[in-house]
Amino acid sequence: MQSAPGVLPVNLGIIMDGNGRWAKRRFLPRSLGHDAGMKRIVKLVDSVRAAGIKYLTLYALSTENLSRPQEELDGLYVLFRRYFEEYAPRLVESDVEIRIIGDLSALPQDVAEKMTAVCARSKKDAAFHLVFAVNYGGRAEIVRAANLAAEMGGKVTEENFSRFLYTWGIPDPDMIIRTGGELRLSNFLLWQSAYSELYFTDTLFPDFDEKELGRALREYARRNRRFGRV
Ligand code: IPE
Ligand code: IPE
Ligand code: MG
């Protein structure tokens, strides 16, 4: 689905980077950085919704992140369990649709099941949509879609191809924020980001507060989205 011009992004994507460095600066283990990151997610979801944005897409775990030490991954799974037990069900009750994009089959079975169960209880016509990219990779998503399209047969168009992506039904991200200072997409929404406004900040994700969000949204409102036109 094409991005929409406007003062507010319809779909805001965030590459939540910098948890490890946040912890390191405090001489803490990386796991506590992820812990702080999760606390930040909880607050940010409220701030983004309150700002009037309809879709928030959060990059929680890349396919490449699965090659991190098992100890770090286990710590992340503990947080996923907690989020999907404590926070996500409450969000669903307050008119939020939760959706996962990515391949859950590589996650511990109970984590995958918790996530799937919460998503299944979500209403598609909710007031706010929260999308988590988990074991997500943009290239893998495109290859998967290409295989599905080949199985269907017939001519591939941009429109029908996008139906095979994980994000079918979700508007393309109008803006992608990356925290943590790196200037790259790291395999996030490669197809969908064709016309996304990119915003990079050195702020580490656990420090990305409402003020930082406001700064990013003001910058978005100043951008001139031409979509190739004059
Ligand atoms: C991002 O923070 C969170 C995940 C990738 C799960 P990092 O863990 O990449 O933090 P840095 O980049 O090492 O600081
Ligand atoms: C990108 O962060 C993935 C997520 C934020 C989930 P990384 O820390 O994995 O990215 P690289 O390795 O610096 O590109
Ligand atoms: Mg990182």
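This section describes the pockets, cavities and ligand surroundings of a predicted model.

Residues are numbered from 1 along each chain as its sequence is written, and chains are lettered from A and ligands numbered from 1 in the order in which they are written. In this predicted model, local features need pLDDT of at least 70, side-chain atom pairs count only at pLDDT 80 or more, and totals for chains, interfaces and linings use all residues, while side-chain values use heavy atoms, with hydrogens and water left out.

The search used a 1 Å grid over the protein atoms alone. A cavity is a set of points where a 1.4 Å probe fits but cannot get out. A pocket is an open set with protein on both sides within 12 Å along at least five of seven lines. Lining residues have an atom within 4 Å of a point. Points are joined across faces, edges and corners, and a volume is the space filled by probe spheres set on them.

The largest pocket holds about 650 Å³ of space. Its lining comprises 33 residues, of which M16, Y59, A60, N65 and R68 are the closest to the centre. Three helices, α1 (19-25), α2 (30-50) and α3 (70-93), each give at least two residues to this lining. Helices (H or I, at least four residues) are DSSP runs, numbered from the N terminus. The lining of the largest pocket has 16 nonpolar, nine polar and eight charged residues. Here Ala, Val, Leu, Ile, Met, Phe, Trp, Tyr, Cys and Pro count as nonpolar, Asp, Glu, Lys and Arg as charged, and the others, Gly among them, as polar.

Ligand 1 sits in the largest pocket, meaning that more than half of its atoms lie within 2 Å of the pocket's grid points. The elements giving two or more residues to its shell are α1, α2 and α3. The largest share, three residues, comes from α1. In total, 13 residues surround ligand 1, and the closest are D17, G20, R21, R30 and R68; a residue belongs to such a shell if one of its heavy atoms lies within 4 Å of the molecule. This shell divides into three nonpolar, five polar and five charged residues.

Polar contacts (pairs of N or O atoms within 3.5 Å) link both ligands to the protein. For ligand 1, backbone atoms take part. Polar backbone atoms lie 2.7 Å from a ligand 1 oxygen at R21 and 2.9 Å from one at G20. At G18, a backbone N or O atom is 3.4 Å from an oxygen atom of ligand 1. Taken alone, ligand 1 exposes 380 Å², and the protein buries 87% of that. Accessible areas come from the Shrake-Rupley method with a 1.4 Å probe.

Ligand 2 also sits in the largest pocket. Its surrounding residues include I15, M16, Y59, L61, N65 and S186. By class, this shell has five nonpolar, three polar and four charged residues. Side chains make contacts with ligand 2 oxygen atoms. An N or O atom in the side chain of R184 is 2.8 Å from one. Ligand 2 has 390 Å² of accessible area on its own, and the protein covers 79% of it.

The structure also holds two cavities of 30 Å³ or more. The second largest cavity has about 40 Å³ of space. Among its lining residues are N11, T57, V131, D172 and Q192. This lining divides into five nonpolar, four polar and one charged.

Key:
Polar contact = N/O pair within 3.5 Å; in protein donor to acceptor, adjacent residues only side chain to side chain.
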